[in-house]
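Colleague: I would like to learn how to read features off a structure. Can we take them one at a time?

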Amino acid sequence: MEASEMNLRKTGFSKKEKDDIRTLMKFVGIYCRENHNGEKAPFSFKLFDTKEIEKKEILLCPDCARLVTYGLTMRLKCPHDPKPMCKKCETQCYHGDYKSKIREVMKFSGLYLVKHGRVDMLYHYLI
Ligand SMILES: [Zn+2]
(Lines give C-alpha, C1' and ligand atoms only; values in the text may rest on other atoms or scores of the structure.)
Protein backbone atom coordinates (compact mmCIF):
# COMPACT_ATOMS: atom_id res chain seq x y z
CA MET A 1 0.00 0.00 0.00
CA GLU A 2 1.24 3.47 -0.86
CA ALA A 3 1.64 5.56 2.25
CA SER A 4 1.82 8.97 0.66
CA GLU A 5 -0.17 11.80 2.12
CA MET A 6 -2.55 11.85 -0.81
CA ASN A 7 -3.58 8.30 -0.09
CA LEU A 8 -4.03 9.07 3.57
CA ARG A 9 -6.37 11.94 2.94
CA LYS A 10 -9.89 10.71 3.23
CA THR A 11 -13.26 11.67 4.52
CA GLY A 12 -14.84 8.41 5.57
CA PHE A 13 -13.48 6.38 8.45
CA SER A 14 -14.36 2.97 9.72
CA LYS A 15 -15.79 2.81 13.22
CA LYS A 16 -12.56 1.21 14.40
CA GLU A 17 -10.45 4.01 12.96
CA LYS A 18 -12.70 6.61 14.52
CA ASP A 19 -12.49 4.87 17.89
CA ASP A 20 -8.72 4.74 17.76
CA ILE A 21 -8.39 8.34 16.64
CA ARG A 22 -10.82 9.53 19.31
CA THR A 23 -8.98 7.59 22.00
CA LEU A 24 -5.61 8.92 21.01
CA MET A 25 -6.84 12.51 21.00
CA LYS A 26 -8.66 12.06 24.30
CA PHE A 27 -5.73 10.43 26.09
CA VAL A 28 -3.20 13.02 25.00
CA GLY A 29 -5.75 15.77 25.72
CA ILE A 30 -6.15 14.62 29.33
CA TYR A 31 -2.41 14.24 29.78
CA CYS A 32 -1.69 17.71 28.45
CA ARG A 33 -4.45 19.35 30.48
CA GLU A 34 -3.22 17.78 33.72
CA ASN A 35 0.52 18.11 33.18
CA HIS A 36 1.39 20.99 30.95
CA ASN A 37 0.90 24.67 31.54
CA GLY A 38 1.60 27.37 29.05
CA GLU A 39 0.68 28.17 25.53
CA LYS A 40 -1.96 25.87 24.04
CA ALA A 41 -3.89 25.86 20.82
CA PRO A 42 -6.90 23.90 19.54
CA PHE A 43 -5.58 20.80 17.85
CA SER A 44 -6.04 20.49 14.13
CA PHE A 45 -4.85 17.87 11.71
CA LYS A 46 -4.14 18.54 8.08
CA LEU A 47 -5.39 15.23 6.72
CA PHE A 48 -8.92 15.47 8.00
CA ASP A 49 -11.25 17.61 10.01
CA THR A 50 -10.85 16.41 13.58
CA LYS A 51 -14.34 17.70 14.38
CA GLU A 52 -15.69 14.92 12.22
CA ILE A 53 -14.34 12.52 14.85
CA GLU A 54 -14.40 14.42 18.11
CA LYS A 55 -16.98 17.13 18.62
CA LYS A 56 -15.14 18.84 21.40
CA GLU A 57 -12.07 20.89 20.64
CA ILE A 58 -8.90 19.65 22.30
CA LEU A 59 -6.36 22.15 23.54
CA LEU A 60 -2.78 20.97 23.27
CA CYS A 61 0.68 22.39 23.84
CA PRO A 62 3.05 22.22 20.85
CA ASP A 63 4.76 19.04 22.12
CA CYS A 64 1.51 17.17 22.64
CA ALA A 65 0.17 18.39 19.30
CA ARG A 66 3.27 16.89 17.68
CA LEU A 67 2.68 13.59 19.45
CA VAL A 68 -0.96 13.39 18.37
CA THR A 69 -0.08 14.34 14.80
CA TYR A 70 2.49 11.58 14.75
CA GLY A 71 0.12 9.05 16.29
CA LEU A 72 -2.72 9.88 13.91
CA THR A 73 -0.45 9.72 10.89
CA MET A 74 0.86 6.33 11.92
CA ARG A 75 -2.63 5.05 12.69
CA LEU A 76 -3.86 6.00 9.23
CA LYS A 77 -0.81 4.43 7.67
CA CYS A 78 -1.38 1.15 9.47
CA PRO A 79 -0.89 -1.60 6.89
CA HIS A 80 -2.87 -4.15 8.88
CA ASP A 81 -6.57 -4.76 8.50
CA PRO A 82 -7.90 -5.42 11.02
CA LYS A 83 -5.34 -3.61 13.12
CA PRO A 84 -3.87 -5.91 15.78
CA MET A 85 -3.28 -4.83 19.34
CA CYS A 86 -0.37 -2.39 19.34
CA LYS A 87 1.79 -4.46 21.63
CA LYS A 88 1.30 -7.54 19.48
CA CYS A 89 1.88 -5.74 16.22
CA GLU A 90 4.90 -6.47 14.10
CA THR A 91 4.87 -2.96 12.68
CA GLN A 92 5.73 -0.80 15.65
CA CYS A 93 4.49 2.73 14.99
CA TYR A 94 6.17 4.42 17.87
CA HIS A 95 9.90 4.72 18.10
CA GLY A 96 12.36 6.39 20.46
CA ASP A 97 11.03 9.49 22.16
CA TYR A 98 7.54 9.03 20.75
CA LYS A 99 7.36 5.55 22.19
CA SER A 100 8.34 6.56 25.73
CA LYS A 101 6.11 9.61 25.52
CA ILE A 102 3.01 7.76 24.34
CA ARG A 103 3.55 5.11 27.03
CA GLU A 104 3.67 7.81 29.68
CA VAL A 105 0.53 9.42 28.25
CA MET A 106 -1.41 6.14 28.10
CA LYS A 107 -0.41 5.22 31.64
CA PHE A 108 -1.26 8.61 33.08
CA SER A 109 -4.56 9.08 31.26
CA GLY A 110 -5.51 5.44 31.80
CA LEU A 111 -5.15 5.89 35.54
CA TYR A 112 -6.92 9.21 35.37
CA LEU A 113 -9.91 7.61 33.65
CA VAL A 114 -10.02 4.75 36.15
CA LYS A 115 -10.00 7.23 39.02
CA HIS A 116 -12.84 9.09 37.38
CA GLY A 117 -14.84 5.96 36.69
CA ARG A 118 -14.36 5.97 32.95
CA VAL A 119 -13.16 2.42 32.57
CA ASP A 120 -15.15 2.14 29.37
CA MET A 121 -12.60 4.40 27.74
CA LEU A 122 -9.84 1.92 28.44
CA TYR A 123 -9.14 -0.71 25.91
CA HIS A 124 -6.47 -2.26 23.82
CA TYR A 125 -4.94 1.01 22.74
CA LEU A 126 -2.64 0.71 25.72
CA ILE A 127 0.79 -0.16 24.44
ZN1 LIG B 1 1.16 19.08 26.51
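Colleague: How many disulfides does the structure hold?

Modeller: Keep in mind that this is a predicted model. A disulfide is a covalent bond between the sulfur atoms of two cysteines. The structure holds 0 of them.

Colleague: Which protein atoms are the donors of the zinc ion?

Modeller: They are Cys32 (SG), His36 (ND1), Cys61 (SG) and Cys64 (SG), at 1.9 to 2.4 Å from the zinc ion. Along the chain, the donors follow the spacing C-x3-H-x24-C-x2-C. Cysteine 32 sits in helix α2, and cysteine 61 in the loop between β2 and α3, so the pair ties together parts 29 residues apart in sequence.

Colleague: What arrangement do the 4 donor atoms make around the zinc ion?

Modeller: Tetrahedral, because the angles they subtend run from 103 to 123°.

Colleague: Are cysteine 32 and cysteine 61 buried or exposed?

Modeller: Both are buried. Cysteine 61 has 9% relative accessibility. Cysteine 64 is buried too, at 1%.

Colleague: How many aromatic pairs does a search of the whole structure find?

Modeller: A pair of aromatic rings is described by the distance of the centres and the angle of the planes. The search finds 5 pairs. One of them joins tyrosine 70 and tyrosine 98: centres 3.8 Å apart, planes at 5°, so the pair is stacked. Tyrosine 70 lies in helix α3 and tyrosine 98 in helix α4, so parts 28 residues apart in sequence are tied together.

Notes: Residues are numbered from 1 along each chain as its sequence is written. This is a predicted model: local features need pLDDT of at least 70, side-chain atom pairs count only at pLDDT 80 or more; totals for chains, interfaces and linings use all residues. Side-chain values use heavy atoms; hydrogens and water are left out. A disulfide is a pair of cysteine sulfur atoms within 2.5 Å. Buried means under 20% relative accessible area, exposed over 50%, partly exposed in between (1.4 Å probe, protein chains only). Donors are N, O and S atoms within 2.8 Å of the metal (3.2 Å for Na, K and Ca); water is not among the atoms, so sites may look incomplete. Four donors count as tetrahedral if all angles lie between 85 and 135 degrees; four count as square planar and six as octahedral if opposite donors are over 155 degrees apart and all others between 65 and 115; anything else is irregular. Helices (H or I, at least four residues) and strands (E, at least two) are DSSP runs, numbered from the N terminus. Rings of Phe, Tyr and Trp (its six-membered ring) pair if their centres lie within 6.5 Å; planes under 30 degrees apart count as stacked, over 60 as edge-to-face and the rest as tilted.
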